[in-house]
Amino acid sequence: MSTTMNQAANSLNIFEQIGANDHEQVVFCNDPVSGLKSIIAIHNTTCGPALGGTRFWNYANDAEALRDVLRLSRGMTYKAAISGLNLGGGKAVIIGNSYTDKSEALWRRYGKFVNGLAGRYITAEDVGTAKEDMEYIAMETKHVTGVPEYMGGSGDPSPVTAFTTYLGMKASAKKVFGNDSLAGKVVAVQGAGHVAQYLIGHLVKDGAIVHVCDINSDKVASVVKEHGVKVVDADAIYDLKMDIYSPCAMGATVNDATLKRLSCSIIAGCANNQLEDEKIHGQQVKEMGIVYAPDFLINAGGLINVATEREGYNRERAMGKAEQVYKRTLDIFAKADAENITNQAAAILIAEQRIQQLAKLKSSL
Ligand code: NAD
């Protein structure tokens, strides 16, 4: 091996990255014929099989894709645990352009890889994937959720994710303003995708003043047409005078640079991994007096919905479980205050407690 190759191999540190958060298994899937390049990460299966969506994204490089899937799958472990679901945490990414690179062959090949994991990983939608894609995956494996209603599935999980995000935002408003009405509050929604469009519907109905941005102008136009909301430039969103910043696109938007620009009372959105560094930026947000609603707590609606699909889908049962997010958010705020820790830390503590309890229960059975 040449020196350059040795250096490249050494700089990957794959096991160091996987080990840093105790991931159980990471699978690299490659199919040159369909162009599939995917990474499936199983973080923790103590509470049950790892369920998490498949993200289709044009990553700048493989290292960025690996980092994303490791962060996302860890978040899924906490999301399932805090939501009281008997599921573990996993996630998958497909490296490519979701507008041009999808094909039946790619999805079916991916479905075969998921099937090879024999139920340890169950997939669903995420950014860049839709229920129609799940239909192809379902041709190759039963370990897929969020499949269309006409196939007996629960369809798009986004409306339920939007509902729990909205409840988390209302709980945050109760904490900050003394009541949970969002009427007259300025909410800046970053992203006008699947979840955001439903979330904006709730906010407008409540009388909130919504500003929206997206890097895709068609998505913005569609939301403006439906809800008559205001538009803010994607780069200017952090400078807007707002009450609530609602990240509903990609992760890590709460970071050193944006915290210098953000002036809001609440951060509550559906995007996964909003805090670039959960300890540093969680603490910084707390010190700035901003109430941060932990993302994995309030965006759990979609997971709750697809989890219900596994028991034979029932919308009422899913919505009943989703409604619990409002009280759970207030409980987390109370715990964080009582222990003088960040809201993120309080949520992780509760999730880890449940995982430890279930581990003990399993070993005693
Ligand atoms: P989506 O792909 O439908 O929407 C995301 C939108 O964000 C796209 O329209 C994209 O153009 C836009 N975007 C990307 N970068 C942007 C930027 N810098 N500024 C503004 N807009 C930008 O995805 P979605 O399903 O609505 O999910 C949104 C977020 O919520 C993701 O982080 C996802 O992981 C998370 N989430 C989704 C669900 C669900 O049920 N769909 C559940 C839990 C969490």
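**Questions on a predicted model**

Tutor: Let us begin with Lys327, which has a relative accessible area of 54% and is therefore exposed. Please keep in mind throughout that this is a predicted model.

Student: How far does helix H6 reach from its first C-alpha to its last?

Tutor: Helix H6 takes in residues 158-177, which makes 20 residues. At 1.5 Å a residue the expected span is 28 Å, and the reach in the model is close to that, namely 28 Å.

Student: Is H6 mostly covered or mostly open, and which residue follows it?

Tutor: A residue counts as buried when its relative accessible area is under 20%. By that cut-off 15 of the 20 residues of H6 are buried, and the helix is mostly covered. The residue that follows H6 has a positive phi, near 90°, and is Gly178.

Student: Which residues come nearest to the ligand, and which elements give two or more residues to the shell around it?

Tutor: There are 25 residues around the ligand, and those that come nearest are Thr161, His194, Asp214, Ala249 and Asn272. The elements that give two or more residues to the shell are H6 and helix H7, residues 194-206.

Student: At what distance from an oxygen atom of the ligand do we find an N or O atom in the side chain of Arg55, and what is the value for a backbone N or O atom of Cys270?

Tutor: For Arg55, an N or O atom of the side chain is 2.8 Å from an oxygen atom of the ligand. For Cys270 the atom belongs to the backbone instead, and its distance from an oxygen atom of the ligand is 3.2 Å.

Student: How much of the accessible area of the ligand does the protein cover?

Tutor: On its own, the ligand has 820 Å² of accessible area. By class, the shell around it is made up of 10 nonpolar, 10 polar and 5 charged residues. The part of the ligand's area that the protein covers is 90%.

Student: Is Ser73 buried or exposed, and which backbone oxygen does its side chain reach at 2.7 Å?

Tutor: The place of Ser73 is in helix H3, residues 62-82. Because its relative accessibility is 0%, Ser73 counts as buried. Its side chain reaches the backbone oxygen of Leu70 at 3.1 Å, and the backbone oxygen reached at 2.7 Å is that of Val69.

Student: What is the phi of Ala118, and what is the phi of Asn340?

Tutor: Most residues other than glycine have a negative phi. Ala118, in the loop between helix H4 and strand S6, is exposed with a relative accessible area of 63%, and Asn340, in the loop between helix H14 and helix H15, counts as exposed at 58% relative accessibility. Neither residue is a glycine, yet phi is positive in Ala118, near 55°, and in Asn340, about 50°.

Student: Where is Ile200 placed, and how far is its C-alpha atom from that of Ser154?

Tutor: The place of Ile200 is in helix H7, and at 0% relative accessibility the residue counts as buried. Ile200 and Ser154 are 46 residues apart along the chain, and the distance between their C-alpha atoms is 22 Å.

Definitions and conventions: Residues numbered from 1 in each chain as written. Predicted model: local features only at pLDDT ≥ 70, side-chain atom pairs only at ≥ 80, totals over all residues. Heavy atoms only, no water. Helix = DSSP H or I, 4+ residues; strand = E, 2+ residues; numbered from the N terminus. Expected span 1.5 Å × (residues − 1). Buried < 20%, exposed > 50% of the residue type's maximum accessible area, 1.4 Å probe, protein only. Near = heavy atom within 4 Å. Polar contact = N/O pair within 3.5 Å; in protein donor to acceptor, adjacent residues only side chain to side chain. Areas by Shrake-Rupley, 256 points an atom, 1.4 Å probe, with all protein chains shown as cover. Nonpolar A, V, L, I, M, F, W, Y, C, P; charged D, E, K, R; others polar.
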